[in-house]
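These are my notebook entries on one model. I set down what I looked up, entry by entry.

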Amino acid sequence: MNNAAENNTQKNNNGISQKDDRCCKLSVVVSVYNEEKALREFYKETNKILEQIKKSGWEHELIFVNDGSADNSLSILEEIAHEDHDVKLISFSRNFGHEAAMIAGIDYAKGDGIVCMDADLQHPPACIPEIIAKFEDGYEVISMIRTKNADAGIIKRITSGAFYKVLNLMSPVKFENNSSDFFALAKNVADVLRNDYREKIRYLRGYVQSVGFRKTTLEFEAQKREAGESKYSIRKLLHFSINALCSFSDLPLKLGMYSGVFVAICGFILMIVTIINKIVNGAPAGYSTIIVALCFMFAVTLMVIGIIGEYIAVLFAEIKDRPIYIVRDVYEKEKTTRKDDGC
């Protein structure tokens, strides 16, 4: 490459190509599931920020992933995509879940930097310029840390804090407390997720924090939802937490061994107590002692079997090797392509 070409094109440490005019491209990936009441306001707020960053030399694409919405979300997204050539719409054949939608957006993103966020405006679009500044500083992974959640009650705050404490205690990888599905990746990090992190049971924000590279954090306050309700029920949150533990820790599997040692010690103590009671009182301990001991041992056994079952379920999902998602349509202005493939 000649000197003129070298002067015209440079690269940051994060692999983001930059010319003298600092022209780069940002992909904003938005997961959408039944968000018809919030979509237009989200697009208005986000597009206003994205138009502003063009002044600093960043082009953009806004990628909406419709995760099988049952309301009018798809029609609204098609309308937005028809009017704005910077908008791309990926529509699933059915609901595959929030994590699958984000992975699909990352797979289809063409930007030098990628921002993943939700469509309910709890992830503020106003943070995007700060994220770009971190990209320009050479950071490759930017985790957004929630300092406040206006919609979260005291129970959700307690359970969320407890989840990260338990996960950090059990996993060799240490995670940022109150991290969220609002994060940003440089292109080279996104390539790693596209090529290597293709598990069917996923904890995407965990992957983002565990891949390494040059990382930093930004703080934000989650505002009240623009409209609608959270799509995560207690049951879904519990399932999500179990998947996260199975993805990053094998310690629960070892509980069987630890429980066996503990039960053996308890059994030995009970045997000593029974022998002493036999010598002193002439009779072994009564019926209640036997029942308590049996119930305790059965409870431990069933708990261990249940933990093993969760890991077997993960293995079963991986062995089946079904697609993470199936795309029905990809819609861009002036053209619609039919897709019947999965990834």
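**Basis.** I note that this is a predicted model, in which local features need pLDDT of at least 70 and side-chain atom pairs count only at pLDDT 80 or more, whereas totals for chains, interfaces and linings use all residues. Residues are numbered from 1 along each chain as its sequence is written, and side-chain values use heavy atoms, with hydrogens and water left out.

I located E199 in the loop between α7 (187-195) and α8 (204-210); helices (H or I, at least four residues) and strands (E, at least two) are DSSP runs, numbered from the N terminus. E199 is partly exposed, with a relative accessible area of 30%; on this scale buried means under 20%, exposed over 50% and partly exposed in between (1.4 Å probe, protein chains only). I also recorded that 9.3 Å separates the C-alpha atoms of E199 and V314, which are 115 residues apart along the chain.

**Overall counts.** I counted 11 helices and 11 strands in the protein. Of its 343 residues, 44% are buried. Among contacts between residues at least 6 apart in sequence, 80% join residues at least 24 apart.

**Aromatic pairs.** A pair of aromatic rings is described by the distance of the centres and the angle of the planes. I applied the rule that rings of Phe, Tyr and Trp (its six-membered ring) pair if their centres lie within 6.5 Å, with planes under 30 degrees apart counted as stacked, over 60 as edge-to-face and the rest as tilted. The structure holds 5 such pairs. One of them joins F42 and F64 edge-to-face, at 6.1 Å centre to centre and 75° between the planes. Because F42 lies in helix α2 (residues 39-53) and F64 in strand β4 (residues 58-66), this pair ties together parts that are 22 residues apart in sequence. F42 is buried at a relative accessible area of 0%, and F64 is buried with a value of 0%.

I then examined W58 and F135, which form a stacked pair, 6.3 Å centre to centre with 20° between the planes. This pair links distant parts of the chain, W58 in strand β4 and F135 in helix α5 (residues 128-136), 77 residues apart. Both W58 and F135 are buried. Elsewhere, ring pairs link F92, F96 and Y325 into a cluster.

**Charges over rings.** I took a charge to sit over a ring if NZ of Lys or CZ of Arg is within 6 Å of the ring centre and within 35 degrees of the ring normal. The charged end of R94 sits over the ring of F96, 3.9 Å from its centre. That of R214 sits over the ring of Y139, 4.3 Å from its centre.

**Nonpolar cores.** A nonpolar core is a set of buried Ala, Val, Leu, Ile, Met, Phe, Trp, Tyr and Cys residues joined through side-chain atoms within 4.5 Å. Which members of the largest core touch the most other members? I found L26, V30, F64 and I131, among 40 residues. Helix α2 gives the most to this core, with 6 residues. A second, separate core of 30 residues includes V65, A100, I103 and V141. Not counting residues up to four places away in sequence, I131 touches V115, I142, M144, F182, A184 and L218.

**Helix faces.** In α5, I noted I128, I131, I132 and F135 as buried. Seen down the axis of α5, these buried residues fall within an arc of 100°, so they line one face of the helix; the arc is that of the directions from the helix axis to the C-beta atoms. After α5 comes G138, whose phi is positive, near 100°.

In helix α3 (residues 73-83), S73, L74, I76, L77, I80 and A81 are buried. Their arc about the axis of α3 is within 160°, so they too line one face of the helix. I found the buried residues of α3 packed against β3 (24-32), α2, β4, β5 (87-92) and β10 (327-332).

**Strand β9.** I placed T216 in strand β9 (residues 215-222). T216 counts as buried at 15% relative accessibility. Not counting residues up to four places away in sequence, T216 touches K134, Y139, V141, I142 and S143.

Methods. Contact = heavy atoms within 4.5 Å.
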